[in-house]
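User: I am new to this structure and would like to learn how to read it with care. Could you take me through a few features, giving the general idea before each case?

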2 protein chains.
Amino acid sequence: MAPRLAIVAGSGPMPRRLADSARAAGRDVFILNLDGVTDPATADGLPSATVGIGQLGRAIEILHRENIAEICMIGPVKRPSLSAIGLDKRAIALLPRLIRQGRGDDALLRVVVGELEGEGFRVVGAHEVEASLLAPAGRLGRHAPDAEAEQDVALGVRVARALGALDVGQAVVVQQGQVIGVEAVEGTDRLLERCGALRLAGRGGVLVKLKKPQQERRADLPTVGTDTVARAAAAGLVGIAIETGQTLLVDREATIAACDAEGLFLLGIDPGP
Amino acid sequence: MAPRLAIVAGSGPMPRRLADSARAAGRDVFILNLDGVTDPATADGLPSATVGIGQLGRAIEILHRENIAEICMIGPVKRPSLSAIGLDKRAIALLPRLIRQGRGDDALLRVVVGELEGEGFRVVGAHEVEASLLAPAGRLGRHAPDAEAEQDVALGVRVARALGALDVGQAVVVQQGQVIGVEAVEGTDRLLERCGALRLAGRGGVLVKLKKPQQERRADLPTVGTDTVARAAAAGLVGIAIETGQTLLVDREATIAACDAEGLFLLGIDPGP
């Protein structure tokens, strides 16, 4: 039997979907809720516990007590200010290392993954639990980009990679050769809202969302789902480009169907090394 | 006597200030208003004409007719969609070159400057008309950054330069080692509004605004004034870093006084080559 899996649950529907899919494959699943972050329905009917976002020591204690062998972190976690988190001793002990490594999300995740591995847990990516979550290559729906959209995607890839390399954000919106908006801490939803208001008159507009080049692949992979499609359509965009094998599609069939219905293309691309 | 100067007037107070300052130095000034862009009061009492933003041929005709020798472009111009501009023949003839060179603001300005120079006009930067407009080096007001603010400025410089190199934007807001927001087409004012809502609890937060590394220095230099200071203060920031010799200070004394009054530092920095 596969080792017991703990899902450290960020916000949104992904943690529960992953739990259901792991259980359908016969796995024993435990949910670790993050106080104020995890959707309350996530752990319904499943064994679970809740820790504060700064309680690393307590989280590790619980994971040992529950005989967890593998840990998967999934779902967005909006980072609060350091001063707003109740950091436990274990978390405080990490601060010097964090400050050395930089304080972007990716730096933080690397440090946390390192701590968990040091405790003997195996930290796995969501795609290792459920391979079908990852975006495949090529045109995923009915619609295809035109030449201008292809150019906008290419520019979006260059900008997203430059930003990602600096641990700033994953997403960018490009229209008619101009970068309309760039994601930092606000997240993709708010970026899309803003770009709906900022977009130029006339045609076009694409969302490009990529993994940061150096990103810890076992946590915080870019995620796209039906909600993203609805927001991109509301912003007047004509398509979405995501990274093949590096982007989580929350519900592949529903997401592709939403793109088809809204007239958006959905493209799995390989931005290169 | 100095050659006749045309000020191609973007929005905001800078074009008029520059006109007044050039006239005080004894120069003969002509204002070229951009329809829907230039503040209507800009040309009050001065010789002027108005052209649409896509009427390059007509603009050149007027500038020749008015015996203009030097041209200075100053003040932000929000670019409308190509399809929303009434392009005249001369502007349409530039489109293939624009498409080859990319369509960010800097690429566009280079092409326009090239056209004007081909017509025999000398295109000058605002700082060549009035040297005191440029930001000096070092601490410009009463307040100084603390160690954390200095680190935030350093990170902001790296991000702003990476973005600028891709012709995306000039400004970035950093707080507590995290990039809170990045400017694209929305401009610095809206970036600051957004970052007021997005900022982390607790201290800190800086605005870094730099010239794009490859930027045509004779147009679209980053601009900071009392309005920027008010918006940065409203967003809860503790300071502003600008590029020595490459940033226009709308009104140096008033801008520094506003920083002093709001408790913000104002720093002229050299981000290196």
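Analyst: A residue counts as buried when its relative accessible area is under 20%, and this is a predicted model, so each value is computed from predicted atoms.

User: With that cut-off in mind, is Leu207(A) buried or exposed?

Analyst: Leu207(A) is buried, because its relative accessibility is 0%, and the residue belongs to strand E9 of chain A, which spans residues 206-209.

User: Which residues does Leu207(A) touch, leaving out those up to four places away in sequence?

Analyst: Its contacts include Ala171(A), Val172(A) and Val173(A), and among them are also Leu237(A), Gly239(A) and Ile240(A). Val238(A) is 31 residues from Leu207(A) in sequence, while the two C-alpha atoms are 8.5 Å apart in space.

User: How do strands E7(A) and E8(A) run relative to each other, parallel or antiparallel?

Analyst: In general, side chains in a regular strand alternate between the two faces of the sheet. Here E7(A), residues 171-175, runs antiparallel to E8(A) and is joined to it by four bridges, one of which pairs Val172(A) with Val182(A). Two residues lie between the strands of this hairpin, where Gln176(A) takes a positive phi near 50°. Strand E8(A), residues 178-182, is mostly covered, with five of its five residues buried.

User: Where does Thr255(A) lie, and what does it touch beyond four places away in sequence?

Analyst: Thr255(A) lies in helix H9 of chain A, residues 252-262, and counts as buried because its relative accessible area is 0%. Its contacts include Val224(A), Gly225(A), Leu249(A) and Leu266(A).

Conventions:
Residues are numbered from 1 along each chain as its sequence is written. Chains are lettered from A and ligands numbered from 1 in the order in which they are written. This is a predicted model: local features need pLDDT of at least 70, side-chain atom pairs count only at pLDDT 80 or more; totals for chains, interfaces and linings use all residues. Side-chain values use heavy atoms; hydrogens and water are left out. Buried means under 20% relative accessible area, exposed over 50%, partly exposed in between (1.4 Å probe, protein chains only). Contact means heavy atoms within 4.5 Å. Two strands pair if DSSP finds at least two bridges between them.
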